[in-house]
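Open the model in your viewer and keep the selection tool at hand. We will go from stop to stop, and each stop tells you what to pick and what to look for.

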Amino acid sequence: MTTYLLAGGGTAGHVNPLLAVADALRAQDPGAEVLVLGTREGLEARLVPERGYELLFVDKVPFPRRPDSAAAAFPVRFPRAVNQVRSHIATRGVDVVVGFGGYASAPAYLAARRARVPFVVHEANARPGLANVLGARTAAAVGVAFDGTPLKRSRVVGMPLRREIVELDRAARRTEAAAHFGLAPDRPVLLVFGGSLGAQRLNEAFGEGHGAAWRDVLAAGWQLLHVTGERSTLTDPGEPGYAVRRYVDRMDLAFAVADLIVSRAGAATVSEIGALGIPAVYVPYAVGNGEQALNASSAVRAGAAILIADADFTADRVRSDIVPLLADESRRAAMTAAAASVGTRNGTENVIALIDMALGR
């Protein structure tokens, strides 16, 4: 029996690909033991047990980025975290460690190396996190979601995706999806969304004020599915063909009905849109270290997507750049074809191939 230890967490961007791989490992080898390593503070503390996996804990020890009390405590706290993982590896007979970034991964990589257990690194973002940069140097295998990600000895494997996305037949589900949102299945749909919390910049451009661009989208003969985010105060004008939702728990249906997407450029979002072959306009979130723009760059280079900077995204920019695209069927068709060259639905299988390689299979 093989025992796998999957390390990662903190955010959905780390937890969701981890769970996709965990599910596939369990399906491939029902006799295997699949364990997850995480912190008590991250999303994994809730999501992992809900999915039926045992969660082993490690202390959350951020790498110091400034001289403060946390930096002073790091030389004591980090070795303690490494020893916690080494204890898990020894007592549970772990055969291989797979890290997805986040606070749990750095001590997991070092503990695995010291225990002479092979480990695999997967990086979801085009700009890798520090834990994966360090882990990639001595990993048995390194996989990245996006071409151009600067990690040593890495290969592009794509993103492990949710099963409902991998198995989605958009054409077969379109009528059901349109009915779910109160839209007509025979008219094209522009999907606008900014993640679970929404994106104020997108909401202002499409849905607020007298100059809001939703009117222009409808005037172009399109429908608009606008997911505003749970915290949004945007009001629904009640116009036929303009579906406003604060939150959508069936993004598979939203993708099934979408003919063009305007969204942020988180790693999972870009990977799912690319895997489904949907042309997109990405408006990268401006806060952070610029990773969202990098996430979208391979799709933009391939011609599958357009990028508009957050600071430039206004209702007027929608009218000048996006509304003409709605009328240009040949250009959208070329973007759809290009998406097939950068997107993949096989990310989970590709990561498992790296794990098998690390195990010498």
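## First stop: a buried aspartate

Select Asp252: leaving out residues up to four places away in sequence, Asp252 touches Glu164, Ile165, Leu168 and Arg173, where contact means heavy atoms within 4.5 Å. Asp252 sits in helix 10 (residues 251–257); helices (H or I, at least four residues) and strands (E, at least two) are DSSP runs, numbered from the N terminus. Is Asp252 buried or exposed? With 7% relative accessibility, Asp252 counts as buried, the cut-offs being under 20% relative accessible area for buried, over 50% for exposed and partly exposed in between (1.4 Å probe, protein chains only).

Before moving on, note that this is a predicted model, in which local features need pLDDT of at least 70 and side-chain atom pairs count only at pLDDT 80 or more, while totals for chains, interfaces and linings use all residues. Residues are numbered from 1 along each chain as its sequence is written, and side-chain values use heavy atoms, with hydrogens and water left out.

Now switch to a cartoon view and find the open sheet of seven strands, which run in the order 3-2-1-4-5-6-7 with parallel pairing; two strands pair if DSSP finds at least two bridges between them. Strand 3 (54–57) and strand 7 (154–156) stand at the edges with a single partner strand each, so one side of each has no neighbour in the sheet. From one strand to the next, the twist averages 25°.

Zoom in on strand 5 (residues 119–123) and strand 6 (residues 141–144), which pair in the parallel sense over four bridges. Pick Val121 and you will find its bridge partner, Val142, in strand 6.

Arg116 has a positive phi of about 60° although it is not a glycine, and it is exposed, with a relative accessible area of 79%. Next, pick Arg153 in the loop between strand 6 and strand 7. Its phi is also a positive value, near 60°, in a residue other than glycine.

Select Ser232, in the loop between strand 9 (223–227) and strand 10 (242–245). Ser232 is buried, at 10% relative accessible area. Setting aside neighbours within four places in sequence, its contacts are Asn203 and Arg246. Draw a C-alpha to C-alpha distance from Ser232 to Arg246: the two are 14 residues apart in sequence and 6.8 Å apart in space.

## Last stop: a helix crossing

Show helix 1 (residues 12–28) with helix 15 (residues 347–358); their axes come within 10 Å and cross at roughly 70°. Helix 1 and helix 15 are therefore roughly perpendicular to each other, since angles under 35 degrees count as roughly parallel, over 145 as roughly antiparallel, 65 to 115 as roughly perpendicular and the rest as oblique. To see the contact, display Ala20, Val21, Ala24, Leu25 and Gln28 of helix 1 together with Thr348, Val351, Ile352, Ile355 and Asp356 of helix 15.

Definitions and conventions:
Axes fitted to C-alpha atoms, helices over the stretch in contact; angles between N-to-C directions.
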